[in-house]
Amino acid sequence: MPNGNLHEWLHSSDDKARFLDFPLRVKIAVGVAKALAWLHHVHVVHKPNNIDSLDFTTYKKDVYRFGVVLLELLTRKESYQFGYLSPNISSSSFASPLDVDELLLGQGFDDMVMQLLELASNCIKFIPDQRPIMQQVYQTVAAIA
């Protein structure tokens with residue numbers, strides 16, 4: 001992409017991340033959530049006859065991956081820095097207010113940041129059945145924004 005990709009903007013060694021203020025990061029999260037929710041809905045409504053529908057696990061993997069991207073948007077940590085989620089570890093231990101990108105703190109968005117951290121935590125729950133569906137994720141992100 002001519003302007004780079006999200007990974008480069010969040011994790012570059014130069015000051016690119018300074019341009020990613022909280023409203024822009026939320027706009028990115030809303031756009032990704034909306035696109036995934038739409039894709040899940042369209043696939044369910046317009047299931048091709050020659051292809052089995054995507055299974056429940058596939059959908060929950062998308063929710064998990066969205067949660068990881070949301071954590072990266074909020075913390076500027078790379079996904080490998082969150083560690084491996086195991087059933088014995090609470091997902092809330094992977095991102096706390098102390099982990100939030102310092103560029104976002106004290107800008108008047110702290111409550112919204114905390115709500116998005118909670119949503120990300122719900123998206124990356126170890127047990128897929130405990131994760132929300134993408135439509136719920138989109139509605140939550142849109143309501144926070």
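Tutor: This is a predicted model. Start with arginine 65 and aspartate 62, whose side chains meet in a salt bridge, 3.8 Å from N to O.

Student: Where do arginine 65 and aspartate 62 lie?
Tutor: Both are in helix 3. They sit 3 residues apart, about one turn of the helix.

Student: And how many salt bridges does a search of the whole structure find?
Tutor: It finds 4 salt bridges.

Student: New topic. How many cavities of 30 Å³ or more does the structure hold?
Tutor: There is 1. The largest cavity has a volume of about 30 Å³.

Student: Which residues line the largest cavity?
Tutor: Phe22, Arg25, Val26, Ala29, Leu70, Leu73, Leu74, Leu104 and Leu116 line it. Helix 2 (22-45) and helix 3 (56-75) are the elements that each give two or more residues to this lining.

Student: Which helix gives the most to the lining?
Tutor: Helix 2 does, with 4 residues.

Student: What's the lining like by class?
Tutor: Count 8 nonpolar residues, no polar ones and 1 charged.

Student: OK, on to helix packing. At what angle do helix 4 and helix 5 pack?
Tutor: Helix 4 (residues 110-123) and helix 5 (residues 134-144) pack at about 170°. Their axes are 10 Å apart.

Student: What does that make them, roughly parallel or roughly antiparallel?
Tutor: Roughly antiparallel, because angles over 145 degrees count that way.

Student: Which residues meet there?
Tutor: From helix 4, you have Met112, Gln115, Leu116, Leu119 and Cys123. They meet Val137, Thr140, Val141 and Ile144 in helix 5.

Student: And the classes in that contact?
Tutor: The contact of helix 4 with helix 5 has 7 nonpolar residues, 2 polar and no charged ones.

Key
Residues numbered from 1 in each chain as written. Predicted model: local features only at pLDDT ≥ 70, side-chain atom pairs only at ≥ 80, totals over all residues. Heavy atoms only, no water. 1 Å grid on protein atoms, 1.4 Å probe; cavity = no way out; pocket = protein on both sides within 12 Å on 5 of 7 lines; lining within 4 Å. Points joined across faces, edges and corners; volume = space filled by probe spheres on them. Nonpolar A, V, L, I, M, F, W, Y, C, P; charged D, E, K, R; others polar. Axes fitted to C-alpha atoms, helices over the stretch in contact; angles between N-to-C directions. Parallel < 35°, antiparallel > 145°, perpendicular 65-115°, else oblique. Contact = heavy atoms within 4.5 Å.
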